[in-house]
Amino acid sequence: MAVRFAVLGDVRVESGTSPVVIRQRQQQSVLAALLVDVNKLVSLEALTDRVWGAHLPRRPREALYSHVSRLRALLSACPGTSIDGRSGGYVLTADQDGVDLHEFRRLVAEAGRAQDDHRAMALLTDALARWTGEAFADLDTPWFTATREVLARERLDAQLELNDIRLRHGGHAASIAGLGELAAAHPLDERIAGQLVLALYQSGRQQDALRCYDRIRRGLAEELGVDPGPALRELHRGILTASTSLATPARPERPRSPVPRQLPAAPRAFTAREGELAVMTAVADRAATVVVSALSGIGGIGKTWLSLHWAYRHLDRFPDGQLFVNLRGFDPADRPLPAPVALRGFLDALGVVPEAIPHDLDTQAALYRSLVADKRMLIVLDNAVDTAQVVPLLPGGDTCTVVVTSRNRLAGLVTAHGAHPLRLDALPAADARDLLVARLGADRVAAEPAAVDDLVARCAGLPLALGIVAGCAQQDPDLPLAGIAADLRDAARLLGGLDEDDAAASVRAVLSWSTTALTEAEARTFTLLGTAPEVDISLAAVARLTDRGTEETAAALRALERVSLVHQGRAGRYHLHDLVRLYAAEQPLPEGERRAALVRLVDHYTDTAHTTSDAAFPSRQACLFGTASPEPPPDHAGAWEWYQAERTNLVVIERAATAQGLVDRVWHLAWHLVAFRTNQGALQENLAAWQNALTCAERLGRADVTFHSLLLLGHAHAILGGYREGLHHVRRAAEVVDRTGNPVDRVRLEIGLSTVLARSGDLRTALVHARRAHALFEGVDDPGLESNVLGMVGSLAGLLGDHEEGRAALERSLELDRRFGDRYGQAGSLRWLAEVERKAGRLERARDRYRAAAETSRAANYAYNEATVLVLLGEVHLELGERAEARAVWELALDLLRGQHRTSDVDRLCRRLHDLGWAARQAGVGSAATPGPSRAAGAVGRP
């Protein structure tokens, strides 16, 4: 007997053919809040926030328990369904596909992966049939409202995808009515307008299509002050010129660049600032770019809250996405985020593959400006230190909106870039009171007006301080506010020596009071968090920092979160406001404990980097120090997820390890992260890491560590184009190789020389060193290194015309790659085997090898190599007279190359298509990567 849950409309439950009647609104809210995260733990705090928002009942936990008990009784007849209490929350266990929301998302995801349009159309039609009305009908807390808006956007996106497919397959006439309704509901949506214009035109209604275009053109001009985007303008030109491309369904451009949605969660209980919000809106209405900076320099005044609240109010203005970065301009634990790191994060979010990202900042900034040109996006640059940090992140067009927050005036932005300055002052007493009402409820505030006045005065109008006080009061609903105010007065007297002009004075007073209520374990966790230098930190890292178990650490973090000392952004990751972090770092600890905690934290990252590197690159040589990590190994996908989540933190941890003189950990981290960074194109990070590692290696006094540091630093220089510096460091490695105590290091030295020489273009000398490495390898049992050597020999020999040597070496390398499951190595070996077969005139075998290389690259998510291989495969198809196959393969390659922003490669392939008399779409924007042997690029990356 199947159980079905519905939230995409009225909240309903059906067991078999019988409905389960849930009449009480609060019980429906609890059920819906659990169904959104079915089979996952929903914390008590999250659940109460979803169900009641700021209007909590007097005893929310007891009320929640009562509703859950009644729901359990109602669902008792539903097989496979239960609501279980766990530590800190509840889990609703049920078949995920029995929940219409999750079934809708699964079907949409399957449609996105479908290779056949008819299959995708069927899946999307099935997905949209799950909707019977607005999600969570009649449930109206802030959380349900925000989630309903997100789901409505997902529903619309699915509908638009389905429309595109129908229009590609001649469904223009049948689509007009539905598109007309969508256009009326979303009058400024250019994608909907484009679909309606195309459907009208393909139905023979050219004049109606032109009138529809004119309506949205005027609407965009009047409402937003902008012209239609390039796609809609191109469609209009095509109609006016009766373009043949519009006579038949157009082929979709796949893959599409992702739409970034990087905004953090909207602030809870945001109040006041209506004047500032109105100013921001007015500036955005009359100008394309709005820059907001807090001129007072006060931390905790609510700059980030204001920018996020405004952003969420106006999401409909930014259909092309939102970018967000915390520039950490005033982080007490670390230096500001360098502009190249922030820019690289934006390029990642915009879908640029690592290999296509230029190395220098100016070219990266130019690529970024090209990608956001003509797009209606919001870019939030939070916590900037100065104008120089911001300028590379500004878009070049006039369609994006930029919001910058800072404690500094950023006068350079105002004078040189037309930014609009907006000063944020402390909240007036009435607005501060409203904030407490939003958090604590009107009844509780009205019951103690004198105490509330005292609290407002002590918090000095700082939203951060008010939020902390409210968090403490919410933790104990029965505690009189007068008692809180009295404790806060005592704390202020203890801190009376503070300079009254100190911007953090009121926050310190609030914090000194609020931390007295913490248990010893909670207070110690809070203090040690002030030691941690990360941007944000995972639960596992906090457990290692505090040297406590995971469950005990999680309990302490929950307690800190309840009183607003710690905030959880992404699930399972925690951060402190910089003023709170500063206060935490000021708290006393026993002598030596602060450094010991930092050492444990560095060890956590070192150990985790060890296990994740082993999982992602199983054929790499083990670390020279031979340490065994206590961390459980992740799978391949989990290893990459960890690296992406921790990438910024790892740079900070490396600096901390260097500053603390932890020379062995610095070297360990550089070693375990080199393959990640090489594969992801984080080349400047790699170079900096190995420069530090070499200094630490020399301090360690170990010849083997110094040798490998020189070798890898040489490779880091060469991959960035510094061939002279690269060769210099590899030759320095040759001076110490005999002192390492390992004869295999001679092999590694020859590989290093071959790598640097190959990258500089001296292939013949590079092959001499690769062959020498192979000759020295006899009798060595290191299959990963052997595969590397054979790959170097094979690719270089093949490039220089020795086909038999190249084929034999590459086939042996491929065999070793397969034994170790090294999919990147397999893709490279197959590509170079295809090259050898092609140069030898064996075109059918070359075609088969290229196909295998493309399939292996696709399976490994190695899109850059896949695109390159498809271009080469098309050439072989032409040489075999297979023109239709060549054109089909090149169209796939064009989609990939455009998605990777490889401009020169796209232009080159388009010219080739044109020479053959085949039409090609206009090339996109981006930058091409430097060509070169793929094995040479990675030879030292997996020593």
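I count a residue as buried when its relative accessible area is under 20%. The model I am working from is predicted.

**Helix 27**

I looked up helix 27, residues 593–616. Its 24 residues reach 34 Å from the first C-alpha to the last. That is close to the 34 Å expected at 1.5 Å a residue. Next I checked burial. I found 20 of the 24 residues buried, so helix 27 is largely enclosed by the rest of the structure.

**Aromatic pairs**

I then turned to the rings. A pair of aromatic rings is described by the distance of the centres and the angle of the planes. My count came to 12 aromatic pairs. One of them joins Phe136 and Trp143, with 6.4 Å centre to centre and 45° between the planes. I noted this pair as tilted. Phe136 and Trp143 are both buried. I also noted that Phe136 and Trp143 form one aromatic cluster with Phe144.

How far apart are the ring centres of Tyr643 and Phe676? I read 4.9 Å, with the planes at 10°, so this pair is stacked. Where do the two residues lie? I placed Tyr643 in helix 28 (residues 636–659) and Phe676 in helix 29 (residues 663–680). The pair therefore ties together parts that are 33 residues apart in sequence. I found Tyr643 buried, and Phe676 as well.

**A charge over a ring**

Last, I looked at Arg831. Arg831 lies over the face of Trp832. I noted 4.8 Å from the ring centre.

Notes. Residues are numbered from 1 along each chain as its sequence is written. This is a predicted model: local features need pLDDT of at least 70, side-chain atom pairs count only at pLDDT 80 or more; totals for chains, interfaces and linings use all residues. Side-chain values use heavy atoms; hydrogens and water are left out. Helices (H or I, at least four residues) and strands (E, at least two) are DSSP runs, numbered from the N terminus. The expected span of a helix is 1.5 Å times one less than its number of residues. Buried means under 20% relative accessible area, exposed over 50%, partly exposed in between (1.4 Å probe, protein chains only). Rings of Phe, Tyr and Trp (its six-membered ring) pair if their centres lie within 6.5 Å; planes under 30 degrees apart count as stacked, over 60 as edge-to-face and the rest as tilted. A charge sits over a ring if NZ of Lys or CZ of Arg is within 6 Å of the ring centre and within 35 degrees of the ring normal.
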